[in-house]
Amino acid sequence: MPLFRVKVNGESRSVDAPADMPLLWILRDRLDLTGTKYGCGVGICGACTVHVDGRAVRSCQVTLPDVALASITTIEGLSSDASHPVQRAWLEEDVAQCGYCQPGMIMQAAAFLRENPRPTDAQIDAAMSDSVCRCGTYGRIRRAVKRAGAAGR
Amino acid sequence: MSATRREFLRATSVSGTALLLEIGWAGRVAVATDAGVFRPNAWLRIDGDGAVTITVGKSEMGQGVRTALPMLVAEELDVDLAGVSLLQAVPGPSFGRLRTGGSSSVYGSWGPLRKAGAAAREMLVSAASARWGVEASECRSERGEVVHSPTGRRVAYGSLVEAASKLKVPTDPRLKAPREFRLIGRPTPRLDAPRIVTGHTRYGLDTRVPGLLYAAVERSPVIGGRVARWDASRARAVPGVRQVLEIPSGVAVVGSDTWTAQKGRAALDVVWEEGPNAGFDSGAFRTRLAEATGRPGRRSRRDGTGLDALASAARNLEAVYEYPF
């Protein structure tokens, strides 16, 4: 199997994996970064969202050759102590129920707020609507995204 | 709790360093011993450093049991909620039923966990009063300590656990009246939220054991179908696939990682015998249900005066909700 080098959460890691293995499984099964979740595997649920050079990307839809020179951030790297404004807002709004989709939600929200720190409700809904929460925490997600945007200003 | 139910509370010292209570879901709570009086559903443990741990088999699935159940214990034991940790019980001979469902976790634990907390609290108060040579009635509990009210002397729960574990467990400890609650009934942030937002919560899919292999299962496209025949030669040719086997729910491909197992599954050739539902048609089924709603029904019960109220209401709203199965 080919050997790849990837930069994850600021660290350069060496990975032995087939070239077609999605980044999701590199993170989870090779690097033991299980905070990134598997939901659908076909890029429609958002549970596997990570940052590639700061942009929100579905990690089940990219492979290592796609991200070879990029800097990847997972939920574990957003902050390890929940100090990122989005994580803080998530705690303050007590968003999570089962929590399974929330790492992807948080990564999606963090990337979105970097581009649009003062979103309207409609913009939040549009940005978050491709991330799916079975518990139905959408109302709190919207409040938390708003709160994080306000805190980041 | 029903007075007709037998209830036990059982405690033991764990190498003399902790107070350990066994709790039965049917209202039984008892002192743990090596012999084991019954298979408990939960444990309450207070260690020498004052750490409080409850071990329960209730699964967290978003309903909040990992916060609500510690609240029940912290309330009666008189400790800070932050000082109570919850350990997930795993199936095995040490535990009785570990079912989670039917919205029963909180109401089923309401009696037993509160009773366990209250019993432990009374045992700790008794141990402190014996140490001081004073009446237990002069002592009270306060946030993880026992206080001798007349003199203001205090002792932490942790330093009382060894003595407390040698006491008889009260069969009918006093539970707080609702007006005394300081946790129950108040909005409480979830205790597991910090781990969730940092990605550290471990779900079933995140379990890692030494030598772990991963499986992907190809299942019948029709409910009730079964495997007629299968050919795994292409699946076995995927590098990293270790084994392919037929199981009751389909054909499983076992590999060195998830992606390998999924690739192997995609390379399977399976012929299905689709069974009695092979011709099932969702559209026809929906039509049949819709037609059935137009036929006269049978009244199974009648509660209240809703129909009269609708008949005289100024405005009626109608909506149709459909659920496929």
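Across the interface of chain A and chain B, the rule picks out 7 salt bridges, a salt bridge being a side-chain nitrogen of Lys or Arg within 4 Å of a carboxyl oxygen of Asp or Glu. The model is a predicted one, where local features need pLDDT of at least 70 and side-chain atom pairs count only at pLDDT 80 or more, while totals for chains, interfaces and linings use all residues. Residues are numbered from 1 along each chain as its sequence is written, chains are lettered from A and ligands numbered from 1 in the order in which they are written, and side-chain values use heavy atoms, with hydrogens and water left out.

One of the salt bridges joins the side chains of A:Asp29 and B:Arg208, at 3.4 Å from N to O. These two also belong to a network of salt bridges that links A:Asp29, A:Asp32, B:Arg202 and B:Arg208. Another bridge pairs B:Asp257 with A:Arg30, with the closest N and O atoms 3.0 Å apart. This pair crosses between chains: B:Asp257 sits in the loop between strand E13 (250-255) and helix H6 (258-266) of chain B, and A:Arg30 sits in helix H1 of chain A. Helices here are DSSP runs of H or I with at least four residues, strands are runs of E with at least two, and both are numbered from the N terminus. Buried or exposed, what is B:Asp257? B:Asp257 is buried, at a relative accessible area of 2%, whereas A:Arg30 is partly exposed, at 28%. For these labels, buried means under 20% relative accessible area, exposed means over 50%, and partly exposed is in between (1.4 Å probe, protein chains only).

Now for the interface as a whole. Contact, meaning heavy atoms within 4.5 Å, takes in 32 residues from chain A and 24 residues from chain B. A:Asp29, A:Leu91 and A:Asp94 supply 20% of the area that chain A buries against chain B, more than any other three residues. The area buried between the two chains comes to about 2,300 Å², and carbon and sulfur atoms give 54% of it; buried area is the accessible area (1.4 Å probe) that two parts lose on being put together, summed over both. The rule also finds 16 residue pairs in polar contact across this interface, both residues at pLDDT 80 or more. A polar contact is a pair of N or O atoms within 3.5 Å; within protein, one must be able to donate a hydrogen and the other to accept it, and residues adjacent in sequence count only if both atoms are side-chain atoms. On the side of chain A that touches chain B, helices H1 (23-30), H2 (75-78), H3 (85-92) and H4 (102-115) of chain A each supply at least two residues. H1(A) gives the most, with 4 residues.

Another spot to look at is B:Thr201, in the loop between helix H4 (193-197) and strand E10 (214-219) of chain B. B:Thr201 is buried, with a relative accessible area of 18%. A polar atom of the B:Thr201 side chain lies 3.3 Å from the backbone nitrogen of B:Ile196. Neighbours within four places in sequence aside, B:Thr201 is in contact with A:Lys37, B:Asp192, B:Arg195, B:Ile196 and B:Asp206.

Chain B itself has 8 helices and 14 strands, and 42% of its 325 residues count as buried. The largest nonpolar core has 42 residues, and those with the most contacts inside it are B:Leu44, B:Leu77, B:Leu124 and B:Val146. A nonpolar core is a set of buried Ala, Val, Leu, Ile, Met, Phe, Trp, Tyr and Cys residues joined through side-chain atoms within 4.5 Å. Which helix gives the most to this core? That is H2(B), with 10 residues. Leaving out neighbours within four places in sequence, B:Leu77 touches B:Ile46, B:Val52, B:Gly117, B:Ala120, B:Arg121, B:Leu124 and B:Tyr157. Apart from this core lies another, of 25 residues, among them A:Leu78, A:Val95, A:Cys133 and A:Val145.

Over all chains, the search finds 30 salt bridges. One of them joins B:Glu322 to B:Arg286, with the closest N and O atoms 2.7 Å apart. This pair links distant parts of the chain, 36 residues apart: B:Glu322 is in the segment after helix H8 (306-312) of chain B, and B:Arg286 is in helix H7 (residues 282-294) of chain B. B:Glu322 is exposed, at 52% relative accessible area, and B:Arg286 is partly exposed, at 41%.
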